[in-house]
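I opened this entry to record what I looked up, in the order I looked.

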Amino acid sequence: MQRYFKTIRLFWSTAFASQLEYQLNFLIELLAMLGTLLGSIFILSLFFTGGRQLGDWTWESALVIQGVYTFLDGLTNAILRPNLTEIVNYVREGTLDYVLLKPIDSQFWLSVKKFSFAGLPEIILGLSIVFWAAIQSASTFSIYSLFVFIISLLIGFIILYSVWFLIAASSIWFVKTWNATEVLRALLAAGRYPISAYPVILRFIFTLVLPIAFLTTFPAEAILGELKFNILFFGLILSSLFFIFSRLFWKFALKHYTSASS
Amino acid sequence: MRIFGLSLKVFKTLLTTQYAYMLEYRIEIALWALSGVLPFIMFSLWSQNDVGNSFGLNDVGLARYFLSAFLVRQFSVVWVVFSFEEDSLTGRLSPYLLQPLHPLFRYVASHLAEQATRLPFAIAIAIIFFILNPSSFWLPSLPQLFLAYLSTHFAFTIAFLLQSLVAALCFWTEKSSALERLIFVPYLFLSGLLVPLSAFPSNVLKVAMLTPFPYLINFPAKILSGMPVDISNGFLAQILWISILVPSVNILWKLGVKRYTAMGA
């Protein structure tokens with residue numbers, strides 16, 4: 001276990017050193033992120049014109065969801081995107097062989113090798129929005145609600161990671177379908193808005209099939225002190241299942257890996 | 001007649017080879033088509049929450065607008081900066097530069113070929129949309145269809161030129177695709193992909209109309225869906241933007257090629 005922590009530390013410190021070379025990139029990412037956030041909040045405000053509400057959510061509580069989304073998007077840009085979009089390249093160029101030969105778990109190696117520091121401001125800003133908006137909507141913080149919030153964020157992240165990893169792992173068979181992750185990213189944008197704002201069919205899909213509700217809506221409910229315990233419990237089970245499935249799927253996929261040009 | 005080395009014969013050859021090439025990647029292109037679902041997600045939100053009335057659109061109007069926005073996006077999507085960055089980093093650009101043909105035409109041809117490959121998928125998605133929302137079914141009249149087709153092509157031209165401007169920066173920096181995000185973000189919010197621009201407060205709308213973005217989705221989508229729209233002004237603005245962008249791209253490109261050092265050579 002300790003070996004894994006040490007490996008992560010080494011991975012990310014080299015990532016930091018190499019990214020210092022591209023400081024302009026960092027600035028561009030920062031600008032793009034601020035623009036995106038501003039635009040999303042503007043679009044969100046259009047739903048509230050004329051004193052309307054968005055699926056029983058007030059303006060402030062809907063902002064909490066934007067905050068959670070921004071936070072998860074930051075994590076995606078920092079960890080998921082740089083690592084998981086590489087998998088297809090390893091498969092295509094045959095360099096996955098070298099990864100498999102390393103005396104460390106291959107799924108671990110592929111998932112944490114890189115860390116993009118441009119995602120950090122987004123993570124911090126996302127959390128700030130969550131807490132600011134939660135205070136504005138007069139939620140009373142307690143150790144308990146904070147604890148539930150952290151757990152539900154973890155649930156959301158694990159589900160997000162597992163779904164993304166599943167798609168990335170399928171590139172072992174279908175090198176060409178890796179841009180299914182683009183479809184996933186497009187669908188994830190639905191997480192910017194509360195799940196109760198969608199038509200019933202989509203609510204069902206976004207809770208059970210592609211559980212976007214667990215990514216943003218439920219963590220937001222948690223910090224607002226409104227999350228029901230059985231949903232949290234269900235989330236724990238669902239995220240464990242997703243994670244276990246991603247792991248089994250990876251082992252299964254490796255059995256079919258034939259390496260490039262051999 | 002040749003314009004920057006382009007003759008009708010060259011153009012035809014480029015198109016047919018690129019089309020044959022694109023046909024090999026049908027699944028990939030189907031997935032790209034699917035990844036444009038954002039207008040549908042937004043449609044379900046706007047109609048479910050009855051916001052449409054506040055900007056003068058009932059449910060049928062909203063459905064038609066967002067389906068049109070989806071279709072316009074399908075045929076105006078541009079990725080030239082990514083192909084160009086890869087070609088310039090791997091040195092594949094060098095032989096292209098030697099040919100008596102402006103390299104950008106090669107990318108234009110591959111975009112047009114991809115659009116042709118996309119057509120069946122886009123139609124299939126539209127049919128599914130009509131099955132799910134039968135009340136929104138409509139067939140645009142022929143002149144309407146023609147104008148929408150023309151304005152979508154203009155939208156594609158503007159988007160392509162905008163991205164070529166960024167792509168030309170590849171000659172100065174290795175990572176110009178990162179700069180593309182700075183175009184994509186205002187495009188996302190000001191083009192009308194997420195909401196018809198008539199929903200904007202008037203002061204935001206005024207600023208938005210000064211940018212090229214509303215003419216990329218909002219204008220063609222309005223024509224296609226049969227919403228009231230100032231057609232002559234819209235086309236005038238599109239042509240104006242094209243006539244500003246063509247010389248800009250040309251100048252930046254010429255300056256850039258002088259700096260080209262053929263990476264890896």
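**A loop residue, a fold and a core**

I started in chain A, at A:D56, which sits in the loop joining α2 (23–47) to α3 (59–84). The model is predicted, and I read it as such. I checked the backbone of A:D56 and found phi near 70°, positive although the residue is not glycine. Most residues other than glycine have a negative phi. Is A:D56 buried or exposed? I counted 9 C-beta neighbours inside 10 Å, so A:D56 is exposed; the cut-off for exposed is 12 or fewer.

Next I turned to chain B. I found twelve helices and zero strands there. Along the sequence the pattern reads α-α-α-α-α-α-α-α-α-α-α-α. I noted the span of its C-alpha trace along the principal axes: about 60 × 40 × 35 Å. In chain B, 40% of the 265 residues count as buried. I then looked at contacts in chain B with a separation of 6 or more: 78% of them join residues 24 or more positions apart.

Last, I looked up the largest nonpolar core, which has 123 residues. Which members touch the most others? They are A:V64, A:W164, B:M42, B:F66 and B:I158. Helix α8 (residues 143–169) of chain A gives the most to this core, 14 residues. I followed B:I158 further. Beyond its neighbours within four places in sequence, B:I158 contacts B:P212, B:Y215, B:L216, B:Q238, B:W241, B:I242 and B:L245.

Key:
Residues are numbered from 1 along each chain as its sequence is written. Chains are lettered from A and ligands numbered from 1 in the order in which they are written. This is a predicted model: local features need pLDDT of at least 70, side-chain atom pairs count only at pLDDT 80 or more; totals for chains, interfaces and linings use all residues. Helices (H or I, at least four residues) and strands (E, at least two) are DSSP runs, numbered from the N terminus. A residue is buried if 20 or more other C-beta atoms lie within 10 Å of its own, exposed if 12 or fewer, and partly exposed in between; C-beta atoms are placed from the backbone. Two residues are in contact if their C-beta atoms, placed from the backbone, lie within 7 Å. A nonpolar core is a set of buried Ala, Val, Leu, Ile, Met, Phe, Trp, Tyr and Cys residues joined through C-beta atoms within 7 Å.
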